[in-house]
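Work through the following exercises with the sequence and the structure side by side, and try each task before you read its solution.

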Amino acid sequence: MNDQARLLREQVIQSRERKPSTNKKEAKAIAVMSGKGGVGKSNFSLNFSLTLQKKGYKVLLFDMDIGMANIDILLGNTQRYSIIHLFEAGLSMNDIIQNGPEGLAYIAGGSGLKDIFHFDVRKRNHFLSQLQELSFQYDYILFDMGAGITSESLQMILSCNEIILVTLCEPTAMTDAYSALKFIHRHNQDIPFQLIINRAMNTKHANDTADRLQSVTQQFLKRDLFHLGSLPDDKYVSKAVMEQTPFVIKYPTCQASKGLEVITTRYLNESNSSDTKNTYTFMNKLRGLFR
Ligand SMILES: Nc1ncnc2c1ncn2[C@@H]1O[C@H](COP(=O)(O)OP(=O)(O)O)[C@@H](O)[C@H]1O
Ligand SMILES: [Mg+2]
């Protein structure tokens, strides 16, 4: 096949795989969280968002880590518009959204984030109406949460349609991950839990870790914890961090990128088959928090 024919064929295949967001459905909101810090949430959130984008979904990645906001650092972006400009400079959400690779939209985090939940009525309404508009522009809104749970982040997590919990195989990370699930469960018994095992030494180790977490969650919380998949410990992840370029872009064939492709496909299959279960939309839940 000559180059031109191959290119055309690839484009046709790509366009078939793409599912442009023509629907006016509200975005699905996903909270990416962990018990312990430094387990790979931001790297997962960013590269997962990019993989979803590559498949034709529109994603907004929202950096909600108050203490260690770093999505823009992972992207090598120094331009600093953050959520706080929404209020202080009177900008709109669309003004503070920045453009990442693959057409990814993201909002940088900042130290002002926790104030969102302590604003006066006028500011809260501004925030909510801005978010409402955005929720129809995207298929997915991903919140990269900080480690652990604060009273502010709990509210945001509880408004999301689902939770992706990231953990390592280490016992300390697993215990903290379970504590985080238990804490969420105390406040909400319906929000679906999904699990990512990061930096696994091999598949067996990852599966054993997932099995253990699933069985305690089942036994003590009577809840399912869906194992979305695992990412290996891959030196190309830290290399990409150093180079401030997401690993799925810089090293698309590395083990972590391949793992993410499998995870994203599984996520989409699961997500599309469970769409009807979500009776409360993200915005409905979020508004409820402010009443
Ligand atoms: N799958 C992986 N393989 C190797 N190193 C990883 C992997 N995931 C994360 N890391 C390393 O862990 C560090 C922390 O990851 P990060 O995504 O910032 O964690 P968090 O957001 O949970 O604090 C990264 O800078 C990277 O060096
Ligand atoms: Mg982080």
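## Exercise 1: the core

Task: In this predicted model, find which residues have the most contacts inside the largest nonpolar core.

Solution: The largest nonpolar core has 75 residues, and those with the most contacts inside it are Ala 31, Val 32, Phe 143, Ile 163 and Leu 165.

## Exercise 2: Val 32 and its strand

Task: Determine which residue in S6 is the bridge partner of Val 32, and place the strands in their sheet.

Solution: Begin with strand S1 (residues 28-34), which runs parallel to strand S6 (residues 162-167) and is joined to it by four bridges. Within S6, Ile 164 is the bridge partner of Val 32. If neighbours within four places in sequence are left aside, the contacts of Val 32 include Ile 164 and Val 166, as well as Lys 41, Phe 44 and Phe 143. Now widen the view to the open sheet of eight strands, whose pairing is mixed and whose order is S3-S4-S2-S5-S1-S6-S7-S8. Strand S3 (98-99) and strand S8 (225-232) stand at the edges with a single partner strand each, so one side of each has no neighbour in the sheet.

## Exercise 3: the ligand shell

Task: Identify which of the 17 residues around ligand 1 come nearest, and describe the shell.

Solution: Gly 40, Lys 41, Ser 42, Asn 43 and Ser 238 come nearest among these 17 residues. Two or more residues of the shell are given by each of helix H2 (41-54), strand S7 (193-200) and helix H10 (235-242).

Technical notes:
Residues are numbered from 1 along each chain as its sequence is written. Chains are lettered from A and ligands numbered from 1 in the order in which they are written. This is a predicted model: local features need pLDDT of at least 70, side-chain atom pairs count only at pLDDT 80 or more; totals for chains, interfaces and linings use all residues. A residue is near a molecule or strand if its C-beta atom, placed from the backbone, lies within 6 Å of it. Two strands pair if DSSP finds at least two bridges between them. A nonpolar core is a set of buried Ala, Val, Leu, Ile, Met, Phe, Trp, Tyr and Cys residues joined through C-beta atoms within 7 Å. A residue is buried if 20 or more other C-beta atoms lie within 10 Å of its own, exposed if 12 or fewer, and partly exposed in between; C-beta atoms are placed from the backbone. Two residues are in contact if their C-beta atoms, placed from the backbone, lie within 7 Å.
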